[in-house]
Structure formats: C-alpha cells, structure tokens
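Subject: Structure handover

Hi,

Here is the structure, as promised. Please have a look, then read my notes below.

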Amino acid sequence: MSEKVFPQGFLWGGATAANQFEGAWNEGGRGPATSDTAVAVSPEDRKKIEEFAAPMNREKVLFALEDQEGLYPKRWGSDFYHRYKEDIALYAEMGFKTFRLSIAWSRIFPNGDDAEPNEEGLAFYDAVFDELLKYGIEPLVTLSHYETPIGIALNYDGWKNRKVIDLFVKYAETVFTRYKDKVKYWLTFNEINVMGISGYVGGALLFEDGKQNLSDMYQAAHHQFVASALATKIAHEINPENKVGMMLARMESYAATTNPLDVMEAIQAEHENLFFSDVQVRGKYPAYTNRMFKENNIEIQMADGDEDILATYPVDFMSFSYYMTAISRHNPAENGEYTAGNFSLSEPNPYLEASDWGWQIDPVGLRVTLNKLYDRYQVPLFIVENGLGAFDTLEEDGSIHDPYRIDYLQAHIQQMHEAIEDGVELMGYTPWGCTDLVSASTSEMSKRYGFVYVDADDQGNGSYDRYRKDSFFWYKDVIGSNGANI
Ligand code: BG6
C-alpha cells in the first residue's frame, strides 16, 4: 500500500440524478418528464444501446403517459424523495464532502413554461440542501439530467425551439436565487453530448418519421450552449462565489493500430466527443466544426449575439463522466464484434475486460483522459461519474460483498492520483449511483453501482430498505485518509 496525497479540500462524494433516484413522479406537484416515458429494457437486450437511443415521437410519448401495463422504473427510482434523510445520513457516515444530485425541472416548473414555480418542489430541495449542509456536505447540483418537462417536448418540439432557452434560463434563475446561500457548485446539462446520440434523452426532441435528424440535434445543442452560457452569467451575478461547470460523457478513442488512417479516425472520434466541451470551455465553435457539419449534412441557425454570449460566459470548470474507452478503426470489419457502452458501441479492446453489461474497464484510460483534457483546456476538472454497474447479492445477515466494485474504484482512484501527480488540477470525485438507483440506459435496478444497497428489484418490488455494502466501509476509509489508503 503506497501513501497517496490528494489535494486539501478534495471533493470526495457520490453522484445521483433525480430521474433515476428520486421517484415520486406524480407527488408534490411535479409534472411528468421525458424520463417518465422510459420503459424498462429486458435483460436479453441489456447489451444493446438501441432502445435507449431510439427516436421518440408524439404518439409514443402520449401512449407511455397513459400506459397502465408497462414498466417505467424511473417513476419510482429509489424513493429518495421520501428517504433523503436516511440517505444523506449514510453519506455523512462515509464522510462525503459533496453530493451530486439533480433538480427535477418539472418539480419546479411542472409544465416547463408555468408562470410561477411550484413552491412544494422548491421546498423539497430546500429540505434536502439543509440536510446536506447540516453534515457539512456541499451540494453539487445538475440543472438538467435527462428529465425535461414533457410539456417542452409536446408543446415546443424540444430544444430545437429557441424559446426553450428562455424557459431554462427562468428555471435556472429561480433556483440560483432560491438556493443562493445553500448551493455554490452547479452543472448545467448532464452529458450534453448525449444530444448527438439521442435527441429525446438529450433535448426532448420528437422525430415523427422515426429517424433522428442531426440538424435538429445540433440545433438543440446550440440552444443548450447559449442557455448554459446565460445561466453561467446569471449564476455569477446572483452569487460571485458560484462555480458553474459543463458536463461531458467522455469517451477517449484509441486508434486501433499505428496505421495513420486509424489515428486520423481516432482524431475524428475525439472531435465528435470534444466538440461540446470545446464550445463550452473555450467559448467558441472549434475550427473543425465547418467540415464536420458539412460532411454530416448538419445545418444550424445562430442568432445575432449568440457567439458573443458563448465567448463572454464560458464555464468555470469542466466535469465529465468516465466509464470506458473506445477504439477507432478506418476500415472496421463488416459484421465485426462489438461491445456495448454508454450510448455507443466499440470493437472490443483485447487489453481490457468488460462488465456484465459489456462496458470495458480501463483505469489507465482515466489518467489518459485527465491528462488530455487538462492539456487541452487548462481549467479545473471534476470527475462527476465513474463506477461499475454490477449484480450484487444481499446476504441473509444484511451484508453485501462487492470486492469487484472495490477493485474497480481503487484502480481508478490510483490513476486519478497519478494524473494529479502529472499536474492535472482535479476538484473532486463523485462515483455514480452512490446509493443503488435505476439504470439510465436499461431502467434496471439490478445494474447496481452503489456503496449502499437498495432492497428493490427490477419490477419495483421490495422494502426499499438501505444496506451498507463492503465498499461502503472501504470508501469511508478512502475519504477518511484523503486517499492515502489506496
Ligand atoms: C451516465 C448518465 O451516462 O451513465 C447516468 O449520466 C447513468 O444518468 C450512468 O446512470 C450509468 O449508465 P447506466 O445506463 O448504467 O445507468
């Protein structure tokens, strides 16, 4: 065991999102959100990403909202809404310095465009933030994590409509003002680049002809860039101490071989991924945009002043999720083997192992990622998601033995430390799903990430009681020693 030193004030914690954790989808005045229409994916399909990224249309949305038969686990999540005190007490026991959660936009503005916010929703988050602050845990709050009010999809055509910028800015201003003295770390859009993969999940876009339209998706992303920049401006005006970050689903892509064509392919994959952080961190569209848009038949409209807004209000820091890496090859084999990932498929990397869901495990890739991002942007970085989705067994005595999760996290934390030694400025680390929650891609409960086990199954049956896993005690020790004991 080697002695590791993490920076003073390093924000150790855990991460969640309202749509997968909070539940109570029709309580407290909350309106329906896009996530409430997500039907569970069957176990046979858990390695496919098609379901999650599937284009939605109005008929499917309306059907889901009325459906009495289907299974929609995100509607009940892990019942954080009713159990937040117990959950936060467990985070305090582990020594969390921060806790990442999202505000469900439709709990504040149930239809997305209401004249006044819903007081009951605002009061709920007051209570949650007070509970966190009672233990000295800093809230890290995502404004939009795949949970857009459904009214924005049905009545505005989602984020491709410029009017949605104003709706979002009003929502952001409302919560920045209300929680001025309680929250200082904010993220605007979770995994903003998911827009390029699912217009519905990322931008509440509907595609009536069943085909995703890239122009609509990038138009929606442009509106989110502007909305995020305006929110950053307002956050700083309301409280100069506020720190606002962008959030990217980071996917490092290695060239399959030293063939220069494969290397160029990898650069293009990097452009696709980093386009979003290039805009939000550097405050302007990158040089490769024109060609990338032209070759993909993407056309977007910008209003006068948009470029100024982007340039004047870039984010304060960059956050990202890290689960895996991918491979780029110029000439992929037809019918070649593919492995799953969050939102994209890749040919398997022979040097890596994969989780039960096919996600390839690459701790050194995290060091590579941290170095590349810091070299490129020179702003503080924050790993706001990482972790292993795995099956766990609750033993009769209430214990859960999850050495595989400890191994995974330990290996990643060691590489984080290497990156800090390399000179990377890293603000903190919030592993995903610190308490078990419903999976984003498959809506399964049995894909567990937590330090805390939730007694619930894929159908929503169970006591929902919480149990400490072995990783709970291990992580407590990691935090308690500020990373020295890894
Ligand atoms: C990220 C999302 O992509 O991955 C989370 O921000 C999600 O919402 C996490 O839960 C893990 O993905 P999954 O599909 O295993 O839940």
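Which residue in β2 does G14 stand opposite? F99 in β2 stands opposite G14.

First, the basis. This is a predicted model: local features need pLDDT of at least 70, side-chain atom pairs count only at pLDDT 80 or more, and totals for chains, interfaces and linings use all residues. Residues are numbered from 1 along each chain as its sequence is written. Helices (H or I, at least four residues) and strands (E, at least two) are DSSP runs, numbered from the N terminus.

The barrel
β1 (residues 11-15) and β2 (residues 98-102) run parallel, joined by 3 bridges. Strands pair if DSSP finds at least two bridges between them. A closed barrel of 8 strands runs β1-β2-β3-β4-β5-β6-β9-β10, with parallel pairing. Neighbouring strands are turned by 35° against each other on average, direction ignored.

Helix α11 (residues 260-282) packs on this sheet. It touches β5 (243-255) and β6 (317-328), and its direction makes about 180° with that of β5. Axes are lines fitted to C-alpha atoms, for helices over the stretch in contact; angles run from 0 to 180 degrees between N-to-C directions. Contact means C-beta atoms, placed from the backbone, within 7 Å.

Helix α16
In α16 (residues 470-480), S471, F472, Y475 and V478 are buried (20 or more other C-beta atoms within 10 Å of the residue's own, with C-beta atoms placed from the backbone). Seen down the axis, they fall within an arc of 125° (taken from the directions from the helix axis to the C-beta atoms), so they line one face of the helix. They pack against α4 (80-94), α15 (403-421), β11 (452-454) and β12 (466-468).

Best wishes

Terms used
Buried ≥ 20, exposed ≤ 12 C-beta atoms within 10 Å, placed from the backbone. Contact = placed C-beta atoms within 7 Å.
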